[in-house]
Every structure is written in C-alpha cells, then in structure tokens.
Amino acid sequence: MIHYRYLLILFLVGGLALAPWPALADGIVGTGSPESCTESAFDSVFYTLQASGGGTLTFNCGVAPHTIIFTAQKPVSADTTLLGGRLVTLSGGNVTSLFQVYANQSLTLGEITVTRSYSPVGAVENFGRLTMRDSQMLNNTATVSGGAIASYGEVSLTNVIIAGNSAAQFGGGLWLDEGRAIIRNSQFSANTGAEGGGGIAASVGTSLTIEGGQFATNKTTGVFAEGGGIRSTGTLTVTNTMFERNSASRGGALFVSDGTATLSQSEFRANWAAYG
C-alpha cells in the first residue's frame, strides 16, 4: 500500500516549515462562494494578468475545498503565480491539459492541487520555468510523455506530491526532455511510465537533482522498459532519498545510461526488476 498518510503529513507539516506565501494579489477569482469560482471567472482574471504583464492570482471560493474544472489549456505568456490556499483544486476533467508555459516565462503554483489532466503531455507543458511548492499533482494522464509535467525548460519542486499519474511512453510523473529540475522533499508515488521512468524520465543533456523525499510503488509496464523510479540518461544527483517497492523490467528503482549518477545518504528497499 502507498503511504498516503505519510504523504499527507509531509504535505501539511513540511509546507508549514517554509516561509508563508505573500498575501498580496493582483487578481482574485471568486467573491466568497463556490458558485463564484468557475472556469469563466478564472479565465477573466488569468487572461487579464497575461495581458498586463503577469502577477499573482488568488482564490476566494469560500471556506471549504473547491474544484474548478477546465475545458481548455491556459497559455502562460507572462510570469504568473497561482496561490490556492490549500483549498483549491484545478481539474482537467479528463479532457484537457491545464497549462502551457511559454519560453522565457514562469508559472508558480503554491498550495494548490492539479488533477485529471488528459493530453499528450499531461497537466503542465513547460518551455519556461515551472515552480511548485506545497502542492499536489494527482491522477493526470499523458498519451505520450510526462503524465503530470512535460518540461523543456526549468523545474523546481518543493514539498510536492506527484501521485497516480501515467504516461503512455516516458515519465509518469515528470518527463524532463531538456533543461534541469531541482526536486526537494517531494514524493513520487504510484506513477506509471509505460516505456520508461515510472516516476521521472530525464533525457540526454538534462540535469536532475533530488534532495530528500521518496519514490514509492512507481512502475513501468513495457517489455524491457527501464527505471521504475527514475530513468536518466543525463546528469543525476540524489541525496537523502528513499526508493521503495518500485518496479521495472530493467532497473527497478533506477536505470542510468549514457549519463552520470551520484547518490548519497539514500536507501533502496524492496524494489524489483526482471532483468537487473
């Protein structure tokens, strides 16, 4: 079983150990009720920020958790921050990706849940800079690669849970095709990359740094698919990380080829591979 209780504790407690997000906002979605927080209300504020050069978007949807369902992907053409206050979920409704970050632009997601994206590249397609903190990406699907995130730029994840995502090819949680990713105190659990990299797949020339956290029950399903937890052909550095019960045809926890890997203060427990 997946340690969901452990994941939740990390998400709630780990986030509190960090400095709080700023309260100021350039745009607010909603007027205090769930009914006021719709996709059209989000679009109105979001696209105003894009046209005005970016800014911070917050939500006022009431005191209970609330889900906003998208019907179309939102392009990030200016530096944008979304703060969910631990109450907001953004859903693709199993029909669309949620965001595409343009080159030289940034998207920051704080205290928010992203779920049920369905597209070739999962929930966020990143050509610029993607930053997430104290957030979750759950049950997203890519028909190609990058179940939760497909990145060709820079990624920074801190206290993030990536769970239950899947990709038909590489990177059930994250497909790092170019650039670099720095991942701190985050959890990758029950993700599937059918052809390789159940949790993360990183290609030649990329830089992937992982500091703390856990990879648990991630898997590949293809014949000779590589890297249940991580498949890396770039530069990989792992510190203070647990790999537990991941599985693949080759490299149950890790598969490293052509690139380099440096591991320290990490633990491997009950991982499985058919061919080594």
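Figure 1. Val223 is placed in the loop between strand S21 (207-216) and strand S22 (230-232); helices (H or I, at least four residues) and strands (E, at least two) are DSSP runs, numbered from the N terminus. The model is a predicted one, in which local features need pLDDT of at least 70 and side-chain atom pairs count only at pLDDT 80 or more, while totals for chains, interfaces and linings use all residues. Residues are numbered from 1 along each chain as its sequence is written, and side-chain values use heavy atoms, with hydrogens and water left out. With a relative accessibility of 67%, Val223 counts as exposed; exposed means over 50% relative accessible area, buried under 20%, and partly exposed in between (1.4 Å probe, protein chains only). Together with Phe224 and Tyr275, Val223 makes a nonpolar surface patch of about 360 Å². Patches are made of residues with over 30% relative accessible area and no salt bridge, like charges being joined within 9 Å and nonpolar side chains (Val, Leu, Ile, Met, Phe, Trp, Tyr) within 5 Å. Accessible areas come from the Shrake-Rupley method with a 1.4 Å probe, and for residues only the protein chains shown count as cover.

**Figure 2. Glu226 and Arg250.** A salt bridge joins Glu226 to Arg250, with the closest N and O atoms 2.7 Å apart. This pair links distant parts of the chain, 24 residues apart: Glu226 is in the loop between S21 and S22, and Arg250 in the loop between strand S25 (247-248) and strand S26 (254-256). Glu226 counts as buried at 11% relative accessibility, whereas Arg250, at 31%, counts as partly exposed. A salt bridge is a side-chain nitrogen of Lys or Arg within 4 Å of a carboxyl oxygen of Asp or Glu. The whole structure contains twelve salt bridges.

**Figure 3. Arg180 and Glu154.** In the salt bridge between Arg180 and Glu154, the closest N and O atoms are 4.0 Å apart. Arg180 belongs to strand S18 and Glu154 to strand S15 (residues 154-163), so the pair ties together parts that are 26 residues apart in sequence. Arg180 is partly exposed at 44% relative accessibility, and Glu154 is partly exposed at 34%.

**Figure 4. Asp43 and Lys74.** The Asp43 and Lys74 side chains form a salt bridge (2.9 Å, N to O). Asp43 lies in helix H2 (residues 39-51) and Lys74 in strand S4 (residues 74-76), a link between distant parts of the chain, 31 residues apart. Both residues of the pair, Asp43 and Lys74, are buried.

**Figure 5. Phe99 in the largest nonpolar core.** Phe59, Leu90, Phe99 and Leu208 touch the most other members among the 49 residues of the largest nonpolar core. Such a core is a set of buried Ala, Val, Leu, Ile, Met, Phe, Trp, Tyr and Cys residues joined through side-chain atoms within 4.5 Å. Not counting residues up to four places away in sequence, Phe99 touches residues including Phe42, Phe46, Phe70, Lys74 and Leu90; contact means heavy atoms within 4.5 Å.

Figure 6. Arg116, a residue other than glycine, has a positive phi near 55°. Arg116 is in the loop between strand S9 (113-115) and strand S10 (118-119) and is partly exposed, with a relative accessible area of 39%. Ala190 also has a positive phi near 55°. The loop between strand S18 (180-189) and strand S19 (192-193) holds Ala190, which is partly exposed at 24% relative accessible area.
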